Amino acid sequence: MAKKKNPLNEVTDAEIVQMLSEGIIGSEIAKKLGVNLRTLEARLTRIRDKALATNAPHLVGNYFRKKLIK
């Protein structure tokens, strides 16, 4: 049996953080990407951990300062 393709694998961390910086909330991002909200939340947690950020605004700020998002 073939595995289902996860659309979240097609999106980079920077693209997700960019959407957050534009004011798009998690549920809207999940719907736009076609994934479950909990799946997106797990990915956001991993992104925050990698960036050593404590919350979403801190994460967006880190990405902005490093010029990973506009």
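Leu52 lies in the loop between α3 and α4, where helices (DSSP runs of H or I, at least four residues) and strands (DSSP runs of E, at least two) are numbered from the N terminus. The model is predicted, and local features therefore require pLDDT of at least 70, side-chain atom pairs count only at pLDDT 80 or more, and totals for chains, interfaces and linings use all residues. Residues are numbered from 1 along each chain as its sequence is written, and side-chain values use heavy atoms, with hydrogens and water left out.

The chain comprises 4 helices and 0 strands, and its elements follow the order α-α-α-α from the N terminus on. With a radius of gyration of 12 Å, close to the 11 Å that the globule rule gives for 70 residues, the chain is as compact as a globular protein of that length. The radius is taken over C-alpha atoms, and the rule is 2.2 Å times the number of residues to the power 0.38. Along the principal axes, the C-alpha trace spans about 45 × 20 × 20 Å.

Of the 70 residues, 34% count as buried; the term denotes under 20% relative accessible area, whereas exposed denotes over 50% and partly exposed the range in between (1.4 Å probe, protein chains only). Among contacts (heavy atoms within 4.5 Å) between residues at least 6 apart in sequence, 52% join residues at least 24 apart. The chain carries 14 positive and 7 negative side chains, and the centres of the two sets lie 3 Å apart. In this count Lys and Arg are positive and Asp and Glu negative, while His and the chain ends are not counted; each charge is placed at NZ of Lys, CZ of Arg, CG of Asp or CD of Glu.

Helix α4 (residues 56-65) has Leu59, Val60, Gly61, Asn62 and Tyr63 as its buried residues, and these pack against α1 (13-21) and α3. Val17, in helix α1, is buried with a relative accessible area of 0%. Leaving aside neighbours within four places in sequence, Val17 is in contact with Ile47, Leu59, Val60, Tyr63 and Ile69. The C-alpha atoms of Val17 and Leu59 are separated by 7.6 Å, although the two residues are 42 apart along the chain. The N-terminal end of α4 is capped by Asn55, a side-chain oxygen of which lies 2.9 Å from the backbone nitrogen of His58.

Arg43 is situated in helix α3 (residues 37-51) and counts as buried at 13% relative accessibility. Not counting residues up to four places away in sequence, Arg43 touches Leu8, Val11, Thr12, Asp13 and Ile16.

Most residues other than glycine have a negative phi. Leu52, however, has a positive phi near 55° and counts as exposed at 72% relative accessibility. Lys67, which is not a glycine, likewise has a positive phi of about 60°. Lys67 belongs to the segment after α4 and is exposed, with a relative accessible area of 73%.

Terms used
Polar contact = N/O pair within 3.5 Å; in protein donor to acceptor, adjacent residues only side chain to side chain.
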